[in-house]
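Please read the report below alongside the sequence and the model.

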Amino acid sequence: MTPLACTVLVVVVAALVGAACFFAGSAWRRKTAEAKIGSAEDEAKRLVNDAIKTAEQKRKESIIEAKDEAFKLKSEADKEIKERRSEVSRQERRLDQKEEALDKKTEALEKKEEDMKARAELVEARLAELEQMKAREADKLESIAQLTQDEARQLLLSRLDEDLAHEKALRIAACETNLKDQCDAMARELIGQAISRCAADHSSEATVSVVPLPSDEMKGRIIGREGRNIRALETATGVDLIIDDTPEAITLSSFDQTRREVARMALEKLIGDGRIHPARIEETVDKCRRELELAMKREGEKAVLEVGIHGLHPDLVKLLGRLKYRTSFGQNVLQHSLEVAYLSGLMASELGVNPAQARRAGLLHDIGKALDHEIEGSHVQIGVDIARKYRENPAVVHAIEAHHGDVEPKTPLAFLVQAADAISAARPGARRENLESYIKRLENLEELSRSFEGVENAFAVQAGREVRIMVKPEEIGDDQLTLLARSITKKIEEELDYPGQIKVNVIRESRAVEYAK
């Protein structure tokens with residue numbers, strides 16, 4: 001055989017042997033696998049049977065537990081239902097009891113209502129009977145009195161008003177007389193105190209002016225027929241005229257220097273003219289008031305020239321002139337302002353401060369006192385407002401504001417004005433406390449009297465021992481005068497402190513004036 005054939009033969013034999021080995025191995029592996037699968041299936045069947053047994057056992061246990069839980073819940077529900085039924089039963093019993101009580105009350109109320117209706121019918125019948133009797137009696141009274149019911153009512157009310165007004169006036173007059181009789185000793189003591197406080201010459205000079213007369217016959221003409229001239233003069237000026245045994249002289253008394261000056265000027269003009277009657281008196285008083293305004297302006301201009309101030313507003317000049325007729329603790333305010341201006345200027349020159357500005361601040365420091373009777377607030381605040389209104393220098397405004405320590409002084413000018421004001425006020429004889437309190441008391445007396453409704457004006461005279469009150473005749477009747485005087489007197493006693501006693505004189509005057517043309 002050839003080598004090729006041998007090789008092919010070997011290859012074929014080898015292939016056959018390999019194939020036989022492959023098939024033999026596959027058969028063995030198949031048998032092995034089938035044996036394993038059979039054992040696995042047996043194991044699986046066993047596991048399934050065990051699981052089924054376990055599940056069946058757990059199902060039975062769960063059913064038993066569920067039955068126990070259901071029985072327990074049912075027992076609790078039965079118990080709760082039983083409790084609720086018992087509670088509902090109790091509430092039903094309470095409701096039944098309340099319903100029975102309400103039924104009883106309703107029956108009682110119905111009985112009372114029936115009784116009330118019966119009584120109301122009886123009362124209505126009685127009232128109707130009384131109305132009939134009243135009507136019959138009214139008819140009889142009207143026939144007897146010959147007056148209707150409305151006429152009789154009006155007559156009774158009018159007579160009652162008259163009797164009450166008269167009775168009030170009589171009782172007030174009796175009480176006043178009794179009070180005067182009982183208070184003589186106290187009045188003498190208080191009058192003595194008033195004399196001791198007002199006995200200084202300075203007080204007399206500040207509140208009294210004397211007008212010389214050409215002859216004593218002129219006193220009678222000034223008084224006029226039945227005193228009409230002197231009443232007209234006192235009413236127009238608010239000044240008390242004292243006509244006594246002093247030869248050829250009349251004394252004018254008033255705490256207000258402006259009023260007293262107007263009265264003095266008017267009286268001198270009337271004496272010189274010779275025509276003295278109420279109409280002429282009123283005309284002269286009005287003219288003198290205008291002349292006094294001009295005189296005040298001239299006094300202000302004079303003060304400005306004396307101090308050497310330039311560029312002052314004209315309204316400030318007028319206000320300075322009004323200070324001549326103002327006093328502070330008995331000291332003339334314009335003179336005091338001039339002194340403060342001089343002192344401030346001198347000290348400013350020594351200290352190197354502007355002397356012109358210092359004199360300006362010193363002259364204006366009390367400018368608020370020219371209006372302190374007309375505007376509310378302290379004279380310091382009023383002065384500050386006035387200075388700012390007329391655009392004064394802020395340094396001057398600050399000096400005015402700080403001269404009484406209302407604010408802290410922050411400039412040398414403010415300190416200078418404050419010191420000059422203290423020097424002028426503290427010099428011996430410059431001021432008197434009693435006069436200032438006296439004037440303040442009279443101002444309060446007039447202001448209190450004017451506060452009543454129907455009062456036109458009020459004047460304090462006789463050094464505050466009398467207040468004369470002019471009322472509006474169209475608002476206050478004659479019967480009301482006594483009551484108004486009593487009300488004012490009572491308010492004075494409650495709110496004011498004063499020595500002695502004060503006479504309250506309420507005056508009601510009616511005039512008819514026509515002019516023939």
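## Helix α8 and its buried residues

In this predicted model, helix α8 buries R280, I281, T284, V285, C288, L292, A295, M296, G300, A303, V304 and V307. These buried residues pack against five helices, namely α6 (228–237), α7 (257–273), α9 (314–322), α10 (333–351) and α11 (355–364).

Helix α8 itself covers residues 278–307, which is 30 residues, and its first and last C-alpha atoms lie 43 Å apart, close to the 44 Å expected at 1.5 Å a residue. Just after the end of α8, G308 adopts a positive phi of about 85°.

With a relative accessibility of 48%, E293 counts as partly exposed, because the partly exposed class runs between the 20% limit for buried and the 50% limit for exposed. The C-alpha atom of E293 is separated by 9.9 Å from that of T258, although the two residues are 35 apart along the chain.

## The pairing of α12 with α13

Helix α12 (residues 379–389) and helix α13 (residues 394–402) pack with their axes 8 Å apart and at an angle of about 170°. That angle makes α12 roughly antiparallel to α13, because angles over 145 degrees are classed in this way.

On the α12 side the contact is formed by V380, G383, V384, A387 and R388, and these meet V397, I400 and E401 of α13. Sorted by class, the contact has five nonpolar residues, one polar residue and two charged residues.

The loop between α12 and α13 holds R391, whose phi is near 60°, a positive value in a residue other than glycine. R391 is exposed, with a relative accessible area of 78%.

D245 is found in the loop that runs between strand β2 (240–242) and strand β3 (249–253). D245 is likewise exposed, its relative accessible area being 78%. In sequence D245 and D216 are 29 residues apart, whereas in space their C-alpha atoms are 9.5 Å apart.

## The protein as a whole

The protein contains 16 helices and eight strands, and 31% of its 517 residues count as buried.

How many of the contacts between residues at least 6 apart in sequence join residues at least 24 apart, as a percentage? For this protein the share is 62%. The pairs E293 with T258, at 35 residues apart along the chain, and D245 with D216, at 29 residues apart in sequence, were described above by the distances between their C-alpha atoms.

Note on methods. Residues numbered from 1 in each chain as written. Predicted model: local features only at pLDDT ≥ 70, side-chain atom pairs only at ≥ 80, totals over all residues. Heavy atoms only, no water. Axes fitted to C-alpha atoms, helices over the stretch in contact; angles between N-to-C directions. Helix = DSSP H or I, 4+ residues; strand = E, 2+ residues; numbered from the N terminus. Parallel < 35°, antiparallel > 145°, perpendicular 65-115°, else oblique. Contact = heavy atoms within 4.5 Å. Nonpolar A, V, L, I, M, F, W, Y, C, P; charged D, E, K, R; others polar. Buried < 20%, exposed > 50% of the residue type's maximum accessible area, 1.4 Å probe, protein only. Expected span 1.5 Å × (residues − 1).
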